[in-house]
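Colleague: I am new to this structure and would like to understand how its descriptions are reached. Could you show me the model, and then let me ask about the terms one by one?

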Amino acid sequence: MRCLLILAHPRRDSLCGALFDSCADGARQAGMECRELILSEMQFDPDVHAVSPEQQPLEPDLQRAQQDIQWAEHLVLIYPTWWGTFPALLKGFLDRVLTPGFAFRHVTHDRWDKLLSGRTADLITTMDTPPLVYRFIYRAPGQQALARATLGYCGIRSARTETFGPVIAADAGQRQQWLDRARSVGSRLAEGALSTAQRRTQRITAWLAALRLQFYPMTWIAYTVGALLAAEGAPLAMTPYLLGYLALFLLEAATVFLNDWFDFESDRINLLGGPFTGGSRVLVDGRLDRAAMRKGIAMAMLGAAGALAVLVAMAPAASAGSTAAIYAIFALLALAYTVPPLKLSHRGFGELDVALTHSAGAIMAGFVVQGGHWADSTPWLLALPLGLAVLPSILLAGCPDRTADQAVGKRTLVVMLGPRAAIRVAMAACVAAPAVAALLALTRLDLSALLVWSVAGGTVHAIWLWRCLHRLANGELPDRIDGPIVLALTFILWFCVPQLIVLLSA
């Protein structure tokens, strides 16, 4: 590992200086390739006089510092804590050396590229304040500023923080223990910058991000509505219910993993990705590699197939075939969103595919696992307003992705129609959803109790959403539209949650 050690105490002959030497000795003995920056011996102006730091020429020592930071895989910063934070020497160094274009790059007003990603850092600090007081009463302001607002902003992950204090009351024996601990910080690098627990946590959080769990509750609610419809007031058969949802969950996971895989180029150049757009970005940002994602796709597919096989084997002979067929058809539609040769999202059918699978697909999956017949009209009719309610959120999500999608030849409806026309289609869908629900409630008395709140609440929400979309379609379209997307996603709830409540209370 290439390790850069930075001493940020204004005096070389200080306790921090001794800790610096001990840590460097431990790192070299562990086989690390080390470079050192002693800030008190460097010549540079700590103040930014230009409008922006990158416009101020770097002194030779700062040019060398940037080269060393670029070279390093791991940094160790050793500094005293004064007045709750780090000294002016370190602050001035960071102000000058972590310049835009080197440490980060602004993409939009609320998004930036972390140009130093993939690096880690250890923080070693001394203080006169008792460390527990500093952490739990003062909330560790210096460490938070350095680890999160500075290094983290540039993509450098803080691995360990060692706090030594109170120095003012320490005797020679205590100081020697601190020197030994600093040496161990360096020697531990032989096992990697991150601990086993940190590596495990990093892996888990990457997979959770890849799953994009924010989209699963809607599917579960629709699936449960279908199951309760088939049960007709009787208790659910829990084993088929759980197996069916496990298969559905794993199919949805496989779908989002495959989207990341096949949309990699689009996601890579997408400057406007957000929580609902641009994929999970775990491949683009390097949080997972393609080999890990390939395993994730395979495990999700095999798990879904296994759960479905057990479900079909348990089902009565009369319904086993229809259960397998319903799951197979909608699984094919879901996976074909980005998977060749169909690649529905590249041919203008992606939005309709999502609306269909997240309405009829989810409801029918729950319906057949509880013994419902696929030809029963009730679940299909309930899926109509739900599918229309899904459309606005999918169309809106395509607007920030339009430029990147167009660049790779992906012909979504937003690319084909243009964002303003696509938003007008979303406006029509948000009006149609409660209108269709009202028509069904009037013509099918058995559905009126299920749809009355969809009509009432959905109409009010549709007016709110329509006005928001009208402003978007007729005004200046911003780069990111997370707020309208959230409004469109919550609109969907009116067409599945009331049915769930009514069926549960029956």
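Colleague: In which loop does Lys343 lie?

Modeller: Lys343 lies in the loop between H12 and H13, where the helices (H or I, at least four residues) and strands (E, at least two) are DSSP runs, numbered from the N terminus. This is a predicted model, in which local features need pLDDT of at least 70 and side-chain atom pairs count only at pLDDT 80 or more, while totals for chains, interfaces and linings use all residues. Residues are numbered from 1 along each chain as its sequence is written, and side-chain values use heavy atoms, with hydrogens and water left out.

Colleague: What makes Thr412 count as buried, and which residues does Thr412 touch?

Modeller: Thr412, found in the loop between helix H14 (377–407) and helix H15 (413–417), has 6% relative accessibility and therefore counts as buried. Not counting residues up to four places away in sequence, Thr412 touches Ser345, Gly348, Glu351 and Asp405, where contact means heavy atoms within 4.5 Å.

Colleague: Why are H9 and H11 called roughly antiparallel?

Modeller: The axes of helix H9 (residues 238–262) and helix H11 (residues 290–314) come within 8 Å and cross at roughly 155°; such axes are lines fitted to C-alpha atoms, for helices over the stretch in contact, with angles running from 0 to 180 degrees between N-to-C directions. Angles under 35 degrees count as roughly parallel, over 145 as roughly antiparallel, 65 to 115 as roughly perpendicular and the rest as oblique, and H9 and H11 are therefore roughly antiparallel to each other.

Colleague: Which residues touch the most other members of the largest nonpolar core?

Modeller: A nonpolar core is a set of buried Ala, Val, Leu, Ile, Met, Phe, Trp, Tyr and Cys residues joined through side-chain atoms within 4.5 Å. In the largest one, which has 99 residues, Phe257, Met293 and Tyr327 touch the most other members, and H9 provides the largest share, 13 residues.

Methods: Buried means under 20% relative accessible area, exposed over 50%, partly exposed in between (1.4 Å probe, protein chains only).
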